[in-house]
Amino acid sequence: MQVPQDGEDFASQPWYHGPLSRQKAEALLQQDGDFLVRASRSRGGHPVISCRWQGSALHFEVLRVALRPRPGRPTALFQLEDERFPSLPSLVLSYVTGQRPLSQATGAVASRPVIRQGPIRRSFSEDTLLESPARIELPRARKRSDSQPAGLEHMGLSGEDHSGPGASPVPTCALPRMGSDPVLLKMPASLGSVVDGLRASDGQLHAKAPNKPPRTPSLVLHDASGRPPTYCELVPRVPSAQETPTGHSGPETEASWWEANEEEEEEDRSFARPKAEVFFCPPNNLFCLLGPQNRPLEPKVLSTLRDLFLEHHPGSTALHLLLVDCQATGLLGVTKAQRGAMGVTSGLELLTLPHGHRLRLELLERHEALALAGALAVLGCSGPLEERAATLRGLVELALALRPGAAGDLPGLAAVMGALLMPQVSRLERTWRQLRRSHTQAALAFEQELKPLMRALDEGAGPCAPGEVALPHVVPAVRLLEGQELPGPLDESCERLLRTLHRARLVARDAPQFREAAARRLRGFQPNPQLREALTTGFVQRLLWGSQGVGAPHATRLEKFQRVLSALSQRLEPDV
């Protein structure tokens, strides 16, 4: 017998518990080494390995990499850190039988599966909302899920009713296991106890993929416990935040608003005289993670943010950042009223015009705030040296996920690189040495790929073709148009100025192509509301300076925080 090669066919595995809340999963993990696989509510049903290790319940998100359908090749690959597997059962089998750590950072080893009792629940609402009898669904023919983006976001979810809270529930029943269901490979006797738990037994066939949900607001279920999740660092990255459990998935809600805007923009592309300056950043006083008033760098908020960022893979964080950057730049989510007020259809055009002054200032503020937050993520690690090196690695991995050809979010890439190249961070010699020793690949990628790429982008010579890039690097042009001098040798300043202005003209001309490229990357993407909030400009500013300090003059705020970072850097590695 062979391990299933279909990446979606794991509902028949006894260690797979389907949609299960974090609290219930932790209650099932009794001893070190106990593990189960569940569908994460906050990640739209994506699989998460929950494991107890050294007395703590840890949760590892399994990244699902969708492949273009081809004969003889799986439709998706699954991975935790580096190695990829053609199916979730083969990933679990490899880690359990080989007693391999689920992550190098924690060393957690999964050894004993927690066997599922009874059929898989088909929705999170059965655990959290509904007190009525379980839904019953008539047996249906087995069918593989589609490979379209909307379908990919629902892998592991059931075909639950999306018609709204007022719809009447449809009864369901468990589907019996077919005799043709695959089972795992038999292993040597020394692993008999493990294999007995892993061998496929009575389970439930993976149901038909759900239909495309309606374009109505998704139902959001809030975790009544208020406890932040304990998600493990597979690829460490920037600050973090508290989990927002969601019951029904909502990628179509996100897709619909920018698709609707694209349709509206076709109505009239003639130039209209601008009426007022337009800004795209939301108000900075309505954040569920901060409350109406907050002090700078509140420890509880920082801890919540850390948990949130550790839960997400760099690719997911990069897409969240791309979505927020596109809104902040005015590339996506621009309303018809805003277009009428600014006289053009995109913020990429507006920032090159005289009445784009406010937008240019907002983009500069955003770039600086994100860079400071990234530097704080490194300098705020007062624990072991390896912890800081792991955070550096997370930032490098995030920058790689943002580069051209990946997410293609160049403003986000510039902010992350700004954090890594900040003097207070670059002077940490012991930390960088530990990065080269423990995470050699990340260190090489930073030196050989990311630094030359960022240098070329700052000089106006890097990649900027729509498609490869979803959101172009506009910071040099914005600084130039706001009267700031371009960095670099004086004898090259004229040539660099001309390149920067020419690049800005091309960006404004190609704004519709950039919008299409960004929409393609985000199609079918299901953002986490709290992570999306944590990446907005207003949230980062209030996190760094507090609700009172955020109103201080820009130069004063920046100078004070630079002093804070310098003090943290000296405390970590004092000058000899």
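Glu573 counts as buried because its relative accessibility is 8%, where buried means under 20% relative accessible area, exposed over 50%, and partly exposed in between (1.4 Å probe, protein chains only). The model is predicted, so local features need pLDDT of at least 70 and side-chain atom pairs count only at pLDDT 80 or more, while totals for chains, interfaces and linings use all residues. Residues are numbered from 1 along each chain as its sequence is written, and side-chain values use heavy atoms, with hydrogens and water left out.

**Salt bridges in the structure**
- There are 17 salt bridges in the structure, a salt bridge being a side-chain nitrogen of Lys or Arg within 4 Å of a carboxyl oxygen of Asp or Glu.

**Glu365 and Arg557**
- Glu365 pairs with Arg557 in a salt bridge whose closest N and O atoms are 2.9 Å apart.
- This pair joins distant parts of the chain, 192 residues apart: Glu365 is in helix H11 (residues 357-379) and Arg557 is in helix H22 (residues 554-572).
- Helices (H or I, at least four residues) and strands (E, at least two) are DSSP runs, numbered from the N terminus.
- Both Glu365 and Arg557 are buried.

**Glu573 and Arg388**
- Glu573 forms a salt bridge with Arg388, with 4.0 Å between the closest N and O atoms.
- Glu573 lies in the segment after H22 and Arg388 in helix H12 (residues 385-402), so the pair links distant parts of the chain, 185 residues apart.
- Arg388 is buried because its relative accessible area is 3%.

**Glu449 and Arg403**
- Glu449 and Arg403 form a salt bridge, their closest N and O atoms being 2.9 Å apart.
- Glu449 counts as partly exposed at 34% relative accessibility, and Arg403 counts as partly exposed at 26%.
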